Amino acid sequence: MVESVPESITFPSEEEKILQFWQEEDCFNECLKQSKNRPRYTFYDGPPFATGLPHYGHILAGTIKDIVTRFAHQSGFHVDRRFGWDCHGLPVEYEIDKTLGIKGPEDVAKMGIAEYNKQCRNIVMRYSHEWEISVNRMGRWIDFKHDYKTLYPWFMESVWWVFKQLYDTGFVYRGVKVMPYSTACNTPLSNFEANQNYKDVQDPSVIVNFPLVGEEDVSLIAWTTTPWTLPSNLALCVNPEMLYVKLMNTAYLHKVDFPNVFCVSRFAGKVLKGKKYKPLFMYFSKCGEKGAFQVVTDNYVKEEEGTGVVHQAPYFGADDYRVCTEYNIIQRDQAPICPVDASGCFTSEVTDFAGQYVKDADKNIIKMLKERGRLVNACTFKHNYPFCWRSDTPLIYKAVPSWFVRVEHMVEKLLDCNGKCYWVPEFVREKRFGNWLRDARDWAISRNRYWGTPIPLWVSDDYEEVVCIGSMAELEELTGVKVTDLHRESIDNLTIPSRRGKGVLRRVSEVFDCWFESGSMPYAQVHYPFENRKEFEDSFPADFIAEGIDQTRGWFYTLLVLSTALFGKPPFKNVIVNGLVLASDGQKMSKRKKNYPDPGLIVQNYGADALRLYLINSPVVRAENLRFKEEGVRDVLKDVFLPWYNAYRFLVQNVQRLEKEDRIQFLYNENTVKQSDNIMDKWIQSFTQSLIQFFKAEMNAYRLYTVVPRLVKFVDMLTNWYVRTNRRRLKGERGTEDCLWALETLFSVLFSMCRLMAPFTPFITEMMYQNLRHLIDPASVEEKDTNSIHYLMLPQVRESLIDKRIERAVSQMQSVIELGRVIRDRKTLPVKYPLKEVVVIHQDPEALEDIQSLQKYILEELNVRQLTFSTDKDKYGIRLRAEPDHMVLGKRLKGAFKSVTASIKKLTSEQLEVFQKTGSIVVDGQELHEEDLRLMYTFDQTSGSTAQYEAHSDAQGHLVPSDEITVYYRCRPEGEYLASVIQAHTDFILATTKAPLLLFPVPDTASVIIEETTPLKGSDLELTIVKGSSSPRAILNGPACTYVNLRVKVNHKEQEGVVLLENPRGDNRLDWNKLKNACRNIFGTNNTSLRFFSGGTELSNETDLQALSGKTLLVVSDPSSLGSAPPAADTLLCPYVNLLLCDAQPAECQAGDVGTLLLVNPMGQNALDYSGLLSETAKVFGLRSRRLKLYLDQDQTDSSVKALNSKTLFVRVLPTTAEA
């Protein structure tokens, strides 16, 4: 029997009851049992680490996954949903190293790999319980009991199988990668680790000559701060476009004029390409036979430091390695020319310095160069240099042997497979991910670590014999030892007899990069191919995956590389990419800053359903950013859940009244219910079936961002229109039969609504269903088990109930009622006061017929006695007027714009009616078309026949709740009563309109939706609504973004320029390291150590950079050159423009819509032309794929860039073909 519904509800506590119900009934597993014989829908869950707690990003991705998989189940599929855990890799080792004070490999060796890995294993699942609680509390149904962990032996075995397939097909090779290397710890470090400990150091600085072969009296001059790399020199690199000079003393240098030295000639660097030179040392002279000791060219060579000639030691520098590889001076799979051992000492190949630590050998190398006449100059150089965070010793960059998977050769295949995947949103596939694939490089998959899946390669001492193992059975067969675990401590001691008489083969020491494991997840989670072979092959590729946009360079990429290499097809068919959840101020969420509310408290206060719907009904599901606001979650309760709950409560109340008063038991049977002849019943049924049709089509296309707004709109239609206009019928005031029709209609619609919303809001729908199910006739139920709404299939579309004309008629009726309410509000006439007449004017007689069929609802809602219909607008003083489109006409007409505008405003209603029919009109000799003018209706109250009327028109703004608008207003006369009322109630107005409220004037560049003037209390209120949010959209005074001026004194060269500390405003804020990198890039200081001073005080990484905005900093490499502090600039040093994004949202994970561009930076360099301005503007707002137009207030779009300094530019995004 249906239970009474309380007047008030606490959603979080009701959700707790539902959680208990699901647990007691084991609903998730019951769902899986019921669907086991249905077609399979495959879903892959990307594995998180359990060493940290879940945040909003995890909640968002989990919600998207839960919605789509619930929808798939309700659409008739069986959906296995298994949770996965990433258990290996640096995050775990880093925690253990901190806890145990591990400094390097020697410490691990002392304690033993077995003990070290035991400690790692102990913390892997540190927060797994909290994860499970959080995921369950959010209403996500996923299997934790049958999870997969990357540390399971059977998972690791499948990873081995994946690797063996790649190895057997020639995809794997041993090469080198230049990496930061700790000689004290004998291990490479990640770039993340290398950036943790920079220090200012004094290093040698030497200039060396390289005589040309055949021109021994002419030498190239090169500079280096690492003399220890000179014995490994294999090439010299110049910039092909830079200017070089030949001096009388037979040396080449770049862009240097010596007053006392005669310059013989000047030429571009490309002239030097291919010239041979005499090696400094003869240790590797045989390399000359393969193209070494020649001049090569590359644009990475800059003119700001050194001589413009860069010495190349390919195994000690990433750029050196890249350039020498491109010129075939070295081969990727050759034996490295790297005469430095694991401790940083020269090997026997470098006979003169063998056994010496490279840094100690610098002075001896310099001495030998001087003795041989190859040293031009030697001094010391102070710069910022990375140190090992573990041992606090200087790092070197060194070629580290690594195992690679070949990727570059299959870029076209990767792009082809990517093209077969359906991405939401689509731009990620073509732009962000597609661009990443086009530049794909071979993948270094090995790591010199301990806690990970060991690479299953057993090799001879000389690496000439290699055996790749693909399973535990194969390992047992070749070693004679049965193993149950595959971690290093279990297999490192196993050997395989050589088949070539090389003794025994031992396993290489490396483990897999953990991204290789997560990329192998489709196969390893089911232990393929050792188990579940048919099941996997029948269901691969996956039907669906979802993760954040940051995974385009992570999981999405590794999945695609491995599936393309293994099977030649993509790993998934459909993918939803979500954006980032930011703090309310647009900054990244930070535990340290505490700039976001705790997710647990949000769920505790508002419930999981409210949080789910808030996240999903936002731009974040279109891979854009969301600024998280707690009030947004609260509004979901107020605007969606409470009205929906009240409609449900009203239904139950009247069902109980019917049973009590009329002794009629209400049981709903869809198959036997009689079709109501009430037009509002027909409307809401039609609207519901249209919604189901739309819902299924859009959900099948994975467009969650179109579905949720329609569902929210439906709640409004149900509660504010159907229930409101049918209250008396539902209460039985118009007879029992009519009451039954209304109740059956309301029940049918609520029941359908619950089933549609179940994937999105699983708690509230379950709560309502558990009561509503008692009102369903058991004979009408198709499902065997109806104990939970999540067991039910989605409702089928009943096309016979769809009547588009009725839907259109009710929409017209709603417009009339809403316009009438506006007029009542404007004249402060409450609905309780009856009015004589409502006149509806429409040019379409059919529309008037539609409205007339619903006139009783209009009369009742507006409390009027008579409804009059007319197509004769002249009779009632309705006139057309026109407004020019400022942006379109301003650019086209230029100087004639003002006079044409004045003439447009004088056009008569009759002229404009002709224009409506023909689509063109000539004004002041200019032919204007539909896109040039906006037509609006006005009401002429001067004639006596219309003086008794008050008018309002349908704006036809085509707005939806998610559209951003700005409202401009003006009161005439100014300063009157009305203006004071608006000022006093601004907060209420903002809360209601959820849009900025600004005083006139409206910017000329604004895209106007509607303009209106209303007389109120003796004043005229002028309102204009424009597209886009203004925050504010007035011209800005000064730069929009925070910045610092910089005066740079480095290497006897002085420059001035600017670094923006953020761009757009609130986005991409610089930290200390990013400021240094920006300075190096702008001023070309390369790896020079930089020190920053403000007013004589040196800044550090503790400095609050945002607090420095507007100040002038001095940047030096040597504090002795500091001198007196420079005079501070009052304004930004470089010319700039501010940017206001007018009619679009930023993309590519940007959030701010106000930015700044520097027209020149540094001073006198890199000036932007108009094309560059457009390009850089697109980058600022993440709109690289869109066409933009830039406007000044005066519409002077053709002004030169130089004339724009300190101006504000309005950025308009031109519509795509689809949008137009």
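Student: Where does Pro1001 lie?

Tutor: Quick heads-up: this is a predicted model, where local features need pLDDT of at least 70, side-chain atom pairs count only at pLDDT 80 or more, and totals for chains, interfaces and linings use all residues. Residues are numbered from 1 along each chain as its sequence is written, and side-chain values use heavy atoms, with hydrogens and water left out. Helices (H or I, at least four residues) and strands (E, at least two) are DSSP runs, numbered from the N terminus. A cis peptide bond joins Phe1000 and Pro1001, with omega about 5°. As for its place, Pro1001 sits in the loop between β34 (997-999) and β35 (1008-1016).

Student: Which residue does a cis peptide bond join to Pro425?

Tutor: Pro425 is in the loop between β15 (422-424) and α13 (426-438). Omega is about 0° for this cis bond, and the partner of Pro425 is Val424.

Student: Is Ser752 buried or exposed?

Tutor: Ser752 belongs to helix α26 (residues 736-757). Leaving aside neighbours within four places in sequence, Ser752 is in contact (heavy atoms within 4.5 Å) with Thr688, Ile692 and Pro795. The cut-offs are under 20% relative accessible area for buried, over 50% for exposed, and partly exposed in between (1.4 Å probe, protein chains only). Ser752 has a relative accessible area of 5%, so the label is buried.

Student: And what is the relative accessibility of Arg663?

Tutor: Arg663 is in the loop between α22 (630-662) and α23 (679-700). Its phi is near 55°, a positive value in a residue other than glycine. Arg663 counts as exposed, and its relative accessibility is 73%.
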